[in-house]
Amino acid sequence: QAQVVESGGGLVQAGGSLRLSCAASGFSLDYYAIAWFRQAPGKEREGVACVSISDGPTYYADSVKGRFTIDRDKAKNRVYLQMPSLKLEDTAVYYCAAKISRPRHYCPADFSEDVFGYWGEGTQVTVSS
């Protein structure tokens, strides 16, 4: 069964850093656009960052643009979300997902969840003051 597994979450003070990792089981991340989403308590899930394949676009939510970086490690079949300068409002469960609707290699600019699948169980990120 194809799915992704997120890891790297934890408790960190405001201003600290975390690196989340997305690993694939049952398929290769190399053939899919991969996105990170997050869901804070009492809020809807929102797109955070998405990386396409090769020369395709990379998108970030306005709230993390200039702070977070999404990148791939093809050798390890992983996608990472680098999160420096964390803020209290970054507290959420973070999920990664693969774009399963064609064209699979291009990120949707609107982070539409309808085109993503292979969702993982998420990893908790808690930022404290």
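This is a predicted model: local features need pLDDT of at least 70, side-chain atom pairs count only at pLDDT 80 or more; totals for chains, interfaces and linings use all residues.
**Exercise 1.** Is Y31 buried or exposed, and which residues is it in contact with, leaving aside neighbours within four places in sequence?

*Solution.* Start by finding Y31: look in the loop between β3 (18–25) and β4 (34–39). Next, check its relative accessibility, which is 59%. Exposed means over 50%, so Y31 counts as exposed. Finally, look for its partners: leaving aside neighbours within four places in sequence, Y31 is in contact with I53, R104 and H105.

**Exercise 2.** Is S52 buried or exposed, and what lies 2.5 Å from a polar atom of its side chain?

*Solution.* First, go to the loop between β5 (46–51) and β6 (58–60), where S52 sits. Its relative accessibility is 4%. Buried means under 20%, so S52 counts as buried. Now zoom in on the side chain: one of its polar atoms is 2.5 Å from the backbone oxygen of P57. Not counting residues up to four places away in sequence, S52 also touches others, including A33, R72 and Y106.

**Exercise 3.** Which residues are linked with D90 in a network of salt bridges?

*Solution.* Keep one idea in mind: side chains of opposite charge can pair when their charged atoms come close. Take R38 first: its side chain meets that of D90 in a salt bridge, 2.9 Å from N to O. That pair links distant parts of the chain, with R38 in strand β4 and D90 in the loop between β8 (78–83) and β9 (92–99), 52 residues apart. Both R38 and D90 are buried. Then try R67: here the closest N and O atoms of R67 and D90 are 2.8 Å apart, in another salt bridge. Put together, the network links R38, E46, R67 and D90.

Notes
Residues are numbered from 1 along each chain as its sequence is written. Side-chain values use heavy atoms; hydrogens and water are left out. Helices (H or I, at least four residues) and strands (E, at least two) are DSSP runs, numbered from the N terminus. Buried means under 20% relative accessible area, exposed over 50%, partly exposed in between (1.4 Å probe, protein chains only). Contact means heavy atoms within 4.5 Å. A polar contact is a pair of N or O atoms within 3.5 Å; within protein, one must be able to donate a hydrogen and the other to accept it, and residues adjacent in sequence count only if both atoms are side-chain atoms. A salt bridge is a side-chain nitrogen of Lys or Arg within 4 Å of a carboxyl oxygen of Asp or Glu.
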